[in-house]
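Please look through the model below before reading on.

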Amino acid sequence: AADDNKVKFLLIARMLYDKGIQQYVDAARTLKQKYGDNVELCLLGFLDAKNPSAVSTSDMNSWVEEGVINYLGVSDNVEQEIAKVDCMVLPSYYREGVPKSLLEAGAMGKPIVTTDNVGCRETVDDGINGYLCEPRSSESLTEKLELIINMPHEKRLTMGQKSREKIQNEFDEKLVINKYLQAIEECLS
């Protein structure tokens, strides 16, 4: 992302509350009050109305009207959206595998702020390529996002480079496939 004195964050997920959407909105509210137009917090993903944990369209509309969130809807070209931002965020407390959005962001050289939660924490070396926050804590998330906002642009780029190295070294597809094959062999033997 350009060094334009605006720090842009992006959360990509199905719009479910257990992905940490409420914590993100709370953080956005605090950060917008403090930094105004120098920060932008974006959401990208499907409003999944049938799911009991889903964010309703009316909730989303009210956050957008309030000016705290920029909702980007859904996209077939997620990489384009990731390219425009300074930092990828996923405050999920959902039990997940490693989220694809974080792997993509890391591979594209973006710092990551995510929860110290199974699946998510595997993508971040805290303080090196991003930060880990406490699950379900708006305060913890706000604090980590503020670290990103207050660092020089160069430092964000360096963190992003570390993300890229980490994803390449630890999540390369061949490495992952070989681990699966090893596990299958162990099960069979």
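What follows is a short account of the fold, the surface and some salt bridges.

This is a predicted model, in which local features need pLDDT of at least 70 and side-chain atom pairs count only at pLDDT 80 or more, while totals for chains, interfaces and linings use all residues. Residues are numbered from 1 along each chain as its sequence is written, and side-chain values use heavy atoms, with hydrogens and water left out.

The chain has seven helices and six strands. Here helices (H or I, at least four residues) and strands (E, at least two) are DSSP runs numbered from the N terminus. Read from that end, the order of elements is β-α-β-α-β-α-β-α-β-β-α-α-α.

The C-alpha atoms occupy a box of roughly 60 × 45 × 30 Å along the principal axes.

Of the 189 residues, 48% are buried. Buried means under 20% relative accessible area, exposed over 50%, and partly exposed in between (1.4 Å probe, protein chains only). The chain exposes about 9,800 Å², and carbon and sulfur atoms supply 50% of that area.

Next come the charges. A search of the whole structure gives eleven salt bridges, each being a side-chain nitrogen of Lys or Arg within 4 Å of a carboxyl oxygen of Asp or Glu.

One of them pairs Lys8 with Glu40, with closest N and O atoms 4.0 Å apart. Lys8 lies in strand β1 (residues 7-12) and Glu40 in strand β2 (residues 39-44), so the pair ties together parts 32 residues apart in sequence. Lys8 counts as buried because its relative accessibility is 18%, and Glu40 counts as buried at 15%.

How far apart are the closest N and O atoms of Asp48 and Arg14? In this salt bridge the distance is 3.2 Å. Asp48 sits in the loop between β2 and α2 (57-66) and Arg14 in the loop between β1 and α1 (21-35), so that the pair links distant parts of the chain, 34 residues apart. Asp48 is buried at 13%, whereas Arg14 is partly exposed at 36%.

Arg121 and Asp116 also form a salt bridge, at 2.7 Å from N to O. Arg121 is partly exposed at 36%, and Asp116 is partly exposed at 40%.

Technical notes
Accessible areas come from the Shrake-Rupley method with a 1.4 Å probe; for residues, only the protein chains shown count as cover.
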